[in-house]
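Please keep the sequence and the structure in view while reading.

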Amino acid sequence: MKILVCLKQVPHQDARLDVNGDGTWIKEDGIKFEINSYDTYALEEALRIKDAGEAEVVVASIGPDRVTQALRTALGMGADRAVHVNDAACQGSDALGIAKTLAAIAKEESPDLILMGLMSDDGNASAVPPMVAELVGMPSATAVVATERSEGNIRVERELEGGAVEVVDVPTPCLLAVQSGLNQVRYASLKGIMAAKKKPLDVKTAADLGVADAVGTAGAKVKIEKIYQPLRGEGAEILSGSTDEIVSSLMNKIKELGLL
Amino acid sequence: MIEWSESQQMIRDVVRRFMEEEVAPHVEALEHGDLPPYDILRKLYATFGMDEMARARFAKQIAREKRGDTERAEKGADGDLAAKADQAASTLIPIIELCRYCPGMVTAMGVSVGLAAGAILSKGTTEQKERFGLELLTLEKIGAWAITEPGSGSDAFGGMRASARREGDEFVLNGSKTFITNGPFADTTVFICKLEEPDVDVRDRKILNFVLDRGLPGFEQSGPLRKMGMHSSPTGELFLSDVRVGMDRLLGGEAALNKSGGGRESAKSTFQTERSGVAAMALGIVERCLELSVKYARERVQFGHPIGEYQLIQEKLARMEVARMNLQNLVFRTIELTAHGQTMTFAEASAMKLYAARAAVEVAMEAVQVYGGNGYMSEYVVEQLARDSKVLQIYAGTDEIQIRAIAKDLLAGG
């Protein structure tokens, strides 16, 4: 069995984010990056399948040199090999450009299962996983909170609004986009990290994958116009007094606004 | 080595995440709630495969001994220097990272794995290593290394009163030990004492190391003593009253009785390892104090300005950074030497320990000063780190003893 896990490297959750000069993205200089938290659950799920039996886990990511560290971390946790699309031409890609690139990798690899995080911590779009599934012609499920594998099928529990759970059977090969909390993500072992240097990490360009026209700002159908910090609004009211007084005046405000 | 390698940075990041998730939430209980550190340390070992690595290294060492090889296989071999450096760094990084939160946990871990197991592995027979050493290396059992006595600290061997009286194939052990890290909880204790030799002056008597199990008749382990800092490292007293042991518990067996140097030299090599570890501890303390101080200097506003804008605060931050750079370079040097199969001289290790301990105390106390009244409160971490750091100038050889070792070496040179 082969499992492809698609990872995104995102700014560290504690990183201080400032908007860049032309207002189209954040300043990336000097900040720390990490694997998108949702993707870590996808990776863990793949590694659990590997631990339970025969499976090869391939991790793939798109981005500049710094992404190597995310891939090496995944290799340190137990993935077998990595594919890194390291191509300046990919910079500024929209979700579809990213999806086409990942789909091209998936077509080369022909995995039995593709696992990804439901969304990215920075972009929050949730757009890439269903696009990849569509492009490679696989059934897919999103917001996966539990899986149960059987021959040719994965029974999946999906998280719905209001805490409801939907159970669906997805025939394999398929793509699952997992929700956070699906499992307890392992730490890479020290030995694993030291051994990761010796595991294969293939570097590819968009042209290698035949998607040169689809990536970058040129290939993007969605363009980021502007990114800005929310403006500080007027009219905030700070309630004061004892806890009981604050609670009671807050309740009155809510009632006044007809929200209760 | 001029910077942490990519692998080493990954190790640091993943170990730091463990500290944030598994140690930080328990600091209060470890420091003030009498939570012994051992279960968290075992989790650290299991999580990062440190127990497995220890087992593998141990198996290699034993196999080598059984083949009769005396040379370490790696020594002299060209091998992969980067891999060896990563290996060396992988033992120091958890020390550095633990010290950002709980330096006491390093003391508890270091004494068990470094001193107790270290003594057994360097002085024991192969059989003793297998019987007592492995479980300490993996932290399945907790070890103590008992040298200090109420009347002997820096003059550890000279003033030592603990004794072993030979009776046929047995020894009768007596004495009391104090300030023993892990003393209250140790499963295995390396007890250092002098052979009773009526014709030899008490200062010159042979030094012997015995391995004691918890619960041996006549062997009493006290509860934890109250102390200034390092509260996450339980410290206690040991009392031995006519504890009878066989030759199987004398490290090195019969041969130890005939060894020249009286066991003093091998204890020195233990001190050397201990002193190298202190530089890594100091680096962890200094890194954290510096980060916290910079953050506070940016945020704390007095007289209408963040205090970081005042030159008196800037001077403190700059001095902390100098200490951090120096300590990091010393740690890099330790890693580089280990990768090359070399060790520092005794005097070099002493110099490093002296500098590291003083730097940690100075930085931690200055961090308290940057924080002002808040720094004196337990709620702010620098208070704990300032108390914890002080012991670095005392244990593993006081500053004064390090100075003596450095000067002695300088003056002995041609």
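A salt bridge is a side-chain nitrogen of Lys or Arg within 4 Å of a carboxyl oxygen of Asp or Glu. Arg249(B) and Asp213(B) form such a pair, with N and O 2.7 Å apart. The model is predicted, and the structure holds 46 salt bridges over all chains.

**The interface of chain A and chain B**

- The size of an interface is often given as the accessible area lost when the parts come together.
- Between chain A and chain B, the buried area is about 1,700 Å², and carbon and sulfur atoms give 62% of this area.
- On the side of chain A, Tyr187(A), Leu190(A) and Met194(A) lose the most area to chain B, and together they give 45% of what that side buries.
- The contact involves 15 residues from chain A and 22 residues from chain B.
- The rule finds two salt bridges across this interface, as well as four residue pairs in polar contact.
- Helix 2 (67-77) and helix 5 (190-196) of chain A are the elements that give two or more residues to the side of chain A that touches chain B.
- That side of chain A consists of six nonpolar, four polar and five charged residues.

- Asp86(B) belongs to helix 5 (residues 81-99) of chain B.
- One salt bridge joins the side chain of Asp86(B) to that of Lys197(A), at 2.8 Å from N to O.
- Within chain B, the side chains of Asp86(B) and Ser5(B) make a polar contact of 3.2 Å.
- Apart from neighbours within four places in sequence, Asp86(B) touches Met194(A), Lys197(A), Ser5(B), Ser7(B) and Gln8(B).
- Asp86(B) counts as buried because its relative accessibility is 2%, and the cut-off for buried is under 20%.

**Nonpolar cores**

- The largest nonpolar core has 167 residues; those with the most contacts inside it are Val5(A), Leu43(A), Leu176(A), Val23(B), Phe171(B), Leu173(B) and Phe210(B).
- Helix 9 (residues 264-299) of chain B gives the most to this core, namely 14 residues.
- Leaving aside neighbours within four places in sequence, Leu173(B) has contacts that include Phe191(B), Cys193(B), Phe210(B) and Leu212(B).
- Another core, of 25 residues, lies apart from the largest one and has Val58(A), Val85(A), Met116(A) and Val211(A) among its residues.

**Salt bridges within chain B**

- Side chains of opposite charge can pair when their charged atoms come close.
- In the pair of Arg16(B) and Glu97(B), the closest N and O atoms are 2.7 Å apart. Arg16(B) lies in helix 1 (residues 6-23) of chain B and Glu97(B) in helix 5 of chain B, 81 residues apart. Both Arg16(B) and Glu97(B) are buried.
- Arg100(B) pairs with Glu287(B), the closest N and O atoms being 3.5 Å apart.
- Arg100(B) is buried, at 5% relative accessible area, and Glu287(B) is buried at 12%.
- Arg249(B) is buried, with a relative accessible area of 9%, whereas Asp213(B) is partly exposed, with 24%.
- Through shared partners, salt bridges join Arg16(B), Glu97(B), Arg100(B), Glu287(B) and Glu291(B) into one network.

Terms used
Residues are numbered from 1 along each chain as its sequence is written. Chains are lettered from A and ligands numbered from 1 in the order in which they are written. This is a predicted model: local features need pLDDT of at least 70, side-chain atom pairs count only at pLDDT 80 or more; totals for chains, interfaces and linings use all residues. Side-chain values use heavy atoms; hydrogens and water are left out. Contact means heavy atoms within 4.5 Å. Buried area is the accessible area (1.4 Å probe) that two parts lose on being put together, summed over both. A polar contact is a pair of N or O atoms within 3.5 Å; within protein, one must be able to donate a hydrogen and the other to accept it, and residues adjacent in sequence count only if both atoms are side-chain atoms. Helices (H or I, at least four residues) and strands (E, at least two) are DSSP runs, numbered from the N terminus. Ala, Val, Leu, Ile, Met, Phe, Trp, Tyr, Cys and Pro count as nonpolar, Asp, Glu, Lys and Arg as charged, and the others, Gly among them, as polar. Buried means under 20% relative accessible area, exposed over 50%, partly exposed in between (1.4 Å probe, protein chains only). A nonpolar core is a set of buried Ala, Val, Leu, Ile, Met, Phe, Trp, Tyr and Cys residues joined through side-chain atoms within 4.5 Å.
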